[in-house]
Structures are given as structure tokens and as C-alpha cells.
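Have the viewer open while you read.

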Amino acid sequence: MTQDGAPTSSSTQCSSGRGGTRRRDVLATVTAGVGCAGACALAYPFLDSLNGTRNSRVGEDDTVDVDLSTILPGQQIVVTWRGWPVFVQRRTPAMLSSLQTPGAAQRLRDPESKILQQPKDATNWHRSIVPEIGVLIGICTHLGCVPSYDTPSPADQSGKYACPCHGSQFDIAGRAYKNAPAPYNLPVPPVTMVSETHLRIGLSKGDPDFDIANIQQI
């Protein structure tokens, strides 16, 4: 305290330090909130795109053709069907082998695809109409985010999907892992192989009455 009653410089510095700390805490909280809001904003368009799908039917005028000749083993491409991202992957023998590894089913919520998340001709261990080609609607069944594709690597040749928002994980066939938020497997759209290098999304030759609106959840 000085003779005129003003606070000393050390007292002023301590008060300023505490105020700076409080301001930094507020800024950190606001920044985290904005980041969370941004993630939700990214998910919203996919959730909103589901409006009205309950009354829509799959038909020949609702198809997308895909050229498979450009997809190398272990790679995937993303196409759009009904406004949704659809993952089209070419699986390697190692990727297919990982789906039948002993004990793998114990880590999955629905390993045998008993819940309606795919047409009948994709209700099998590889969840596709041919084992080497996988087709999945790329929307996490938790809150509608888009999972990222972890390509096969020397350390892990199986490949998988991981949701960057809340940590859900899926194997290469889109089957959801336990102990993660996603409650269901990734949906499989209706697919027909037109030739060895050409598939059509939106029409199932093996399950012609399949309606994507009747699945459990996107």
C-alpha cells in the first residue's frame, strides 16, 4: 500500500493474473462449445435428409450406376444416392479373411446381421452381394456423422471405419462394434451387379421388394 492508499504493483499484478485466468477459462469453454456445435451442424444435413424417406419406394428411376474398374484392391470411392454418401469398396483377401477371424463376432453388436439394416441378398457374413465388393451407406447409426475409412496397412490389413464424432467403430462390412455408441450396423442399400465392373445402386435383383425406408435406422 502506498502512502496515498493506492495498491502496490504486486497486488495489481496478482489481481490481473486471476482475471486473465478467468478470461482464458471462459474463452476455452466458448471455443469447445463452438467446436461441438460445428460437429452437430455437419451431422444435421444427413439427419435432415431422412425426412420423408418413410413413404418413398425404391424403383428403377432411383438408381446410380458405378464403374468398379477404377477401384484398386483395398480402396474405396464415395458416390451419392438419395443425397446420402455411399461407400463402394474393393476388398482384398486379407480384408475378407478378417471378417471370419475366430473371436471377431464377439466384439460386434450384430455379427450375423439379424437386424434389418440390409436387403436379404446382403444378409451374410460379408454383407454384400459379392464378397469382393462392399457397398455401405456412409452414415453412422449413432448421430448421423460420416465415418472415416481406415485403409488396410501393413500393421492392420483388415481395414475398418471409425466415426470421428463420438468414437463409433465398424468393421469392413459395416458391422458395429460393442462398447461404442452406434447401436446398429451401417445400412446396405439395394444393389445389383450389372457386370463384373459395373454395379447399380437402388435396385436389388436378389430382394426386389426391399424398401430402404423399412430398415431399422440410418
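What follows covers strand pairing and then the aromatic contacts.

First, the ground rules: this is a predicted model, where local features need pLDDT of at least 70, side-chain atom pairs count only at pLDDT 80 or more, and totals for chains, interfaces and linings use all residues. Residues are numbered from 1 along each chain as its sequence is written, and side-chain values use heavy atoms, leaving out hydrogens and water.

Strands here are DSSP E runs of at least two residues, numbered from the N terminus, and two of them pair if DSSP finds at least two bridges between them. Strand β3 (residues 84-90) has six of its seven residues buried, meaning under 20% relative accessible area with a 1.4 Å probe, protein chains only. On one side, β3 pairs antiparallel with β2 (residues 76-81) over six bridges. The two make a hairpin with two residues between them, and R82 in the turn has a positive phi of about 60°. β3 also runs antiparallel to β4 (residues 133-137), joined by five bridges; there, Q89 is partnered with G134.

Now the rings. Phe, Tyr and Trp (six-membered ring) pair if their centres lie within 6.5 Å; planes under 30 degrees apart are stacked, over 60 edge-to-face, the rest tilted. The structure holds three such aromatic pairs, including these two:

| Pair | Geometry | Centre to centre | Between planes |
|---|---|---|---|
| W81 and W84 | edge-to-face | 5.9 Å | 70° |
| Y149 and Y161 | tilted | 5.3 Å | 35° |

Y149 sits in β5 (residues 148-150) and Y161 in β6 (residues 160-162), twelve residues apart.

Methods. Buried means under 20% relative accessible area, exposed over 50%, partly exposed in between (1.4 Å probe, protein chains only). Helices (H or I, at least four residues) and strands (E, at least two) are DSSP runs, numbered from the N terminus.
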